[in-house]
Amino acid sequence: KYSFVTPAPTMVDSWPRYGNQRLDVPIFVLFDQAIDPRAMLSRIRVTANKQTVATTLLAEADIVANKTIKDLVDSAKANEHEGRWLAFRATSKLPADSDIVVEIERGAPSKEGPRTTTDPQSFTFRTFPPLRLSNAYCGWSDRDDCRPQTPLRFEFDNTLDTEHFDPKIVTVEPATPGLQITAQGAEVMLYGAKKANTKYTITIAKGLRDDYGQTLPDAVSRVFSVGPDVPSFFGPS
């Protein structure tokens, strides 16, 4: 005579996992077996700064409207994991600049059998912080030599609203015609030839916006010391 035990529900995938998240971000959890979404949600505790947050299941229309969640649901269906997931969100906006903990508590039930979980399972994500400058340097790292052709970079905590970015909010002293000023991801970058052995003061006005609708509260300025040019020689190929 021998016996064995089949497992209680185990989390195999979750979202969000990384990056700064919006305050109304939906949450997705996939398990290794079928679950009742309402029964499972009753055993899921979401906390923000250690305070419990009320949650509700996502309606079908909300799932379809959110590309990330829809892709996760479609992937579960394609892998024959329909019925093993739930998608939900907080009933009110999460606090900004906060750690959010999603914990599946002990006693979470399965739809396939009577055993419930004996240990908690959890994951964490973070909501977006205020828009602020995190770093500024010349080149591709803060250890690069600053040369006339090296780009100048301002790195912010959040991804920027690149669609509405206006290069006019960036001023350069001394004036340098031909500089290309762009916003990419979380960075403002300045490309183009600068004068050798010259100090440049770059200022970004407080109108800079991020993807979350926040604006830079105060202008930021940095001074870059551009060194000598790098000698080069070009001959016929």
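Helices here are DSSP runs of H or I with at least four residues, strands are runs of E with at least two, and both are numbered from the N terminus. Counted that way, the protein you see above has 3 helices and 16 strands. Taken over C-alpha atoms, its radius of gyration is 25 Å.

A word on the source, everyone. This is a predicted model, where local features need pLDDT of at least 70 and side-chain atom pairs count only at pLDDT 80 or more, while totals for chains, interfaces and linings use all residues. Residues are numbered from 1 along each chain as its sequence is written, and side-chain values use heavy atoms, with hydrogens and water left out.

Let's stay with the overall picture for a moment. The C-alpha trace spans about 85 × 45 × 30 Å along its principal axes. Of the 237 residues, 39% count as buried; buried means under 20% relative accessible area, exposed means over 50%, and partly exposed is in between, with a 1.4 Å probe and protein chains only. The protein exposes about 13700 Å², and carbon and sulfur atoms supply 49% of that area; the areas come from the Shrake-Rupley method with a 1.4 Å probe, and for residues only the protein chains shown count as cover.

Next, contacts, meaning heavy atoms within 4.5 Å. Among contacts between residues at least 6 apart in sequence, 66% join residues at least 24 apart.

And the charges? There are 28 positive and 30 negative side chains, and the centres of the two sets lie 3 Å apart. Lys and Arg count as positive, Asp and Glu as negative, and His and the chain ends are not counted. Each charge is placed at NZ of Lys, CZ of Arg, CG of Asp or CD of Glu.

Now to the rings. How many aromatic pairs does the structure hold? It holds 4. Rings of Phe, Tyr and Trp (the six-membered ring for Trp) pair if their centres lie within 6.5 Å; planes under 30 degrees apart are stacked, over 60 edge-to-face, and the rest tilted. One of the pairs is W15 with Y18: the ring centres are 5.6 Å apart and the planes sit at 85°, so this pair is edge-to-face. W15 is buried, at 13% relative accessibility, whereas Y18 is exposed, at 54%.

Another pair, F128 with Y212, is stacked, at 4.2 Å centre to centre and with 10° between the planes. This pair links distant parts of the chain: F128 is in the loop between β9 (121-127) and β10 (133-138), Y212 is in the loop between β15 (198-204) and β16 (220-226), and the two are 84 residues apart. Both F128 and Y212 are buried.

W15 comes back in the backbone story. Most residues other than glycine have a negative phi, and most peptide bonds are trans. Here, a cis peptide bond joins W15 and P16, with omega about 5°, and P16 is in the loop between β1 (11-15) and β2 (20-21). A cis peptide bond also joins E173 and P174, with omega about 0°; P174 is in the loop between β12 (170-173) and β13 (180-184).

K50 is exposed, at 77% relative accessibility.

M40 lies in helix α1 (residues 37-41) and has a relative accessible area of 0%. What is M40 in contact with, leaving aside its neighbours within four places in sequence? The list is P9, F31, I35, L86, I104, A108 and P109. F224, by contrast, is 184 residues from M40 in sequence and 55 Å away in space, C-alpha to C-alpha.

S14 lies in strand β1 and is buried, at 8% relative accessibility. With neighbours within four places set aside, S14 is in contact with F28, V29 and F123. From S14 to P228 is 214 residues in sequence and 51 Å in space, C-alpha to C-alpha.

Definitions and conventions: Rg over C-alpha atoms; globule rule 2.2 N^0.38 Å.
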